[in-house]
Amino acid sequence: MVQTISADEFRDMVDAARRGEREFALVDTRPEESYEGWRIAGAINYVYKPFHRFDREEFETATGLGPEETVVTVCAKGKSSHALADDLAAAGYDDVYAIDDGMRGWSAVYDRVEVPLPDAGDDPLDIVQIQRRAKGCLGYLVVGGEGDDGSRVAVAVDVSRHGEEWRAAAAARDASIAAVLDTHVHADHLSGGRALADELGVPYVLPAAVADRDVAYDFDAIGRNETLSVGGIDVKALATPGHTDDMASYLVGGSAVLTGDTLFTGGVGRTELQFAADEGGEEGDRDEGSERESAGARTGAERLYDSLHGTLLAEPDDVAVLPGHFAVANDGTADATPGEPVATTVGEARREIGILRRDREAFVEEITATLPEKPPNYESVIAANRGVEPPADEVAAIDLEMGPNRCAAEPAPEPEAGD
């Protein structure tokens, strides 16, 4: 018998397997190109089309799986994986699961994690990290003390289009969201910040430099070193251009800094996406566009170096660094453990991230030498986040942001032995 499970239920199976509490095999039925481009870690590719004759022997030869094993199937939308699950059950497999909504559902799985903080002083302060597991996107709920109505006051930062995750995090802490902030115009996922702010009737706040990105909607601008008060906690906007011209980091009291795509736990942000999205042109203009992209990457890298060394790394060593992403590879492996805080400190970053020890020239050369693969549909995502070309419907939105984030600079290759 086939059991249909939600992507959240599958997440719980993955976590149980990581703890050694259960075992299963995951079979991905999508075409090889889709599988290679983005998949769940550990998945076995078995290309399958519904209504074709199923051959159990061929399946077992291709996958190495027998009827005694627990098998979970996944595809893009949940259709072919359900059909394969039915064929497996008919062929004698007794413990078969199919993930409802497939990779579309997996893309919307979240974990909410409270971040341990250094002493925040006398005022109450909680920071909840909202992790989008499949994409590696990180958003935040900053919760301070009580407001006039007796509930705690919160701001939501870098909200995805699943704003209900931030509302649930606030409700769990008896908090009211008083403002919604984005760190910049994102290129890897659709922001839900403006929609959540409209739903709640609260300000939608963007760095003042966003005005130069030709956004097509109204927002409240927060300038360099300007602060918002959140239940007695100051949230201060630090201009940190480099990843984009409009990038800001938010310093929360003296305890933490939300660094967006400026500084990650193991690296720094890439610097050409804003410029690459504006490349355009006909076939004959491709070389000129590549030159503009390369020049933009260098200009961004120079600004990023100044933002890192002149602003973020000037903060005290024990300030927590809370980034906007963790890395997820095409094969689904990640440089973070889901459900655990993704964080470092200013001091740890300075000591442990190699590129931060480079001088300005070496820093620029290293992060512009090899530009990583771009996020899927990044031009369209940027246009949507500027309010210029919003997706037509929910299905279009889902398809637009499928795949992992790719917002980090490519690390320098390790030297070969003898170099």
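Strands E11 and E12 (residues 220-222) of this predicted model pair in the parallel sense over three bridges. Within this pairing, Leu206 has Ala221 in E12 as its bridge partner. E11, which covers residues 204-207, is also joined to strand E10 (residues 175-181) by two bridges, and these two strands run parallel as well. There, Val180 has Tyr204 of E11 as its bridge partner.

**Confidence of the model**

The protein chain averages a pLDDT of 92, and 94% of the residues score at least 70. Over residues 279-286, however, the pLDDT is below 50, and beyond near neighbours in sequence this stretch has four contacts in the model.

**The six-stranded sheet**

An open sheet is formed by six strands in the order E13-E14-E15-E16-E17-E18, with mixed pairing. E13 and E18 (344-345) are the edge strands, each of which pairs on one side only. In general, the strands of a sheet pair through backbone hydrogen bonds, either parallel or antiparallel.

Strand E14, residues 233-239, is mostly covered, since five of its seven residues are buried. In the order of the sheet, E14 stands between E13 and E15. Strand E13 (residues 227-230) is joined to E14 by four bridges, and the two run antiparallel. E14 is also joined to strand E15 (residues 248-252), by five bridges, and this pair too is antiparallel.

| Residue | Opposite residue | Strand of the opposite residue |
|---|---|---|
| Val230 | Ile233 | E14 |
| Leu238 | Ser249 | E15 |

E13 and E14 form a hairpin with two residues between the strands, and in this hairpin Gly231 takes a positive phi near 55 degrees. As a general rule, the side chains of a regular strand alternate between the two faces of the sheet.

**Cysteines**

How many disulfides does a search of the whole structure find? The search finds zero. A disulfide is a covalent bond between the sulfur atoms of two cysteines. For Cys137, the closest cysteine sulfur belongs to Cys407 and is 7.2 Å away, so the two are too far apart for a bond. Is Cys137 buried or exposed? Cys137 has a relative accessible area of 6% and therefore counts as buried. Cys75 also counts as buried, because its relative accessibility is 3%.

**The second largest pocket**

The second largest pocket has a volume of about 430 Å³. It is lined by 21 residues, of which Val14, Ile40, Ala41, Trp106 and Gly332 are the closest to its centre.

Key
Residues numbered from 1 in each chain as written. Predicted model: local features only at pLDDT ≥ 70, side-chain atom pairs only at ≥ 80, totals over all residues. Heavy atoms only, no water. pLDDT = per-residue confidence, 0-100. Contact = heavy atoms within 4.5 Å. Buried < 20%, exposed > 50% of the residue type's maximum accessible area, 1.4 Å probe, protein only. Pairing = 2+ DSSP bridges. Disulfide = S-S within 2.5 Å. 1 Å grid on protein atoms, 1.4 Å probe; cavity = no way out; pocket = protein on both sides within 12 Å on 5 of 7 lines; lining within 4 Å. Points joined across faces, edges and corners; volume = space filled by probe spheres on them.
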